[in-house]
Amino acid sequence: MRKKNSVSEFTSERNLHLLESFRKSIARQSEISLANAFHHASEQPAPRFWVSERRAAIVIGRMLAGETPTLSMNKEKREMYEEIYSRFLELRALRPDESIYSIIFEIVNRPAPRTYISDERARSIVYEELRKRRMERRGV
């Protein structure tokens with residue numbers, strides 16, 4: 001579980017990626033629908049999985065032990081860990097002597113098939129980024 005007010009080292013990278021995806025989605029629409037734009041932005045492939053290597057290794061380790069740590073997670077996060085887990089099993093079969101952490105590190109830093117963020121979360125991130133940029137332009 002993430003601690004309150006903890007910030008990941010890639011948060012700004014994730015937010016910029018999401019904002020760029022949102023803007024591209026808006027530009028592609030003939031009739032602008034914000035709900036549609038947020039949905040498309042959240043479904044775009046990501047340059048990496050938006051989870052720390054440490055956290056992914058903990059969750060995948062628990063999954064290997066037969067636990068189901070994803071039961072209480074939201075749908076997107078659960079799908080993300082299932083994707084990481086399936087990729088982990090593939091790599092582990094090829095490299096059985098390699099550590100869990102090194103395999104997870106490689107997987108998490110590869111491109112992800114989608115962003116694994118809900119439309120609502122995408123909306124709040126995009127609006128927050130737009131607000132920050134507006135404040136920067138105003139010099140506040």
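Q: Which residues make the nonpolar surface patch, and about what area does the patch have?
A: In this predicted model, Ile32, Leu34 and Tyr127 make a nonpolar surface patch of about 300 Å². Patches are made of residues with over 30% relative accessible area and no salt bridge, joining like charges within 9 Å and nonpolar side chains (Val, Leu, Ile, Met, Phe, Trp, Tyr) within 5 Å. The areas come from the Shrake-Rupley method with a 1.4 Å probe, and for residues only the protein chains shown count as cover.

Q: How many helices and strands does the protein chain come to?
A: The protein chain has six helices and zero strands, with the pattern α-α-α-α-α-α along the sequence. Its C-alpha atoms fill a box of roughly 55 × 35 × 25 Å along the principal axes, and 36% of the 140 residues count as buried.

Q: At what angle do the axes of α3 and α4 cross?
A: The axes of helix α3 (residues 53–64) and helix α4 (residues 75–94) cross at roughly 75° and come within 10 Å. These axes are lines fitted to C-alpha atoms, for helices over the stretch in contact, and the angles run from 0 to 180 degrees between N-to-C directions. The two helices are therefore roughly perpendicular to each other, given that angles under 35 degrees count as roughly parallel, over 145 as roughly antiparallel, 65 to 115 as roughly perpendicular and the rest as oblique.

Q: And which residues in α3 and α4 meet?
A: From α3, Arg55, Ala56, Val59, Ile60, Met63 and Leu64 meet Tyr81, Ile84, Tyr85, Phe88, Leu89 and Arg92 in α4, with contact meaning heavy atoms within 4.5 Å.

Q: Take Ala56: is that one buried or exposed?
A: Ala56 counts as buried, at 0% relative accessibility. Leaving aside residues up to four places away in sequence, Ala56 touches Val51, Tyr81, Ile104 and Val108. Ala56 and Ile107 are 51 residues apart in sequence, yet their C-alpha atoms are 9.6 Å apart in space.

Q: What about the chain's contacts between residues at least 6 apart in sequence: what percentage join residues at least 24 apart?
A: Among those contacts, 71% join residues at least 24 apart.

Q: Changing topic, how many salt bridges are there?
A: The count comes to 11 salt bridges, each being a side-chain nitrogen of Lys or Arg within 4 Å of a carboxyl oxygen of Asp or Glu. In one of them, Glu43 pairs with Arg114, and the closest N and O atoms are 3.0 Å apart. Glu43 lies in helix α2 (residues 34–43) and Arg114 in the loop between α5 (100–108) and α6, so the pair ties together parts that are 71 residues apart in sequence.

Q: How accessible are the two partners, Glu43 and Arg114?
A: Glu43 is partly exposed at 34% relative accessibility, whereas Arg114 counts as buried at 13%.

Q: Which residues are linked in a network of salt bridges?
A: That network links Arg95, Glu98, Glu106 and Arg110. Within it, the side chains of Glu106 and Arg110 meet at 2.3 Å, N to O, with Glu106 partly exposed at 24% relative accessibility and Arg110 partly exposed at 35%.

Q: Last one: which residue has a positive phi although it is not a glycine?
A: Tyr116 has a positive phi of about 60°. Most residues other than glycine have a negative phi. Tyr116 lies in the loop between α5 and α6, and with a relative accessible area of 12% Tyr116 is buried.

Terms used. Residues numbered from 1 in each chain as written. Predicted model: local features only at pLDDT ≥ 70, side-chain atom pairs only at ≥ 80, totals over all residues. Heavy atoms only, no water. Helix = DSSP H or I, 4+ residues; strand = E, 2+ residues; numbered from the N terminus. Buried < 20%, exposed > 50% of the residue type's maximum accessible area, 1.4 Å probe, protein only.
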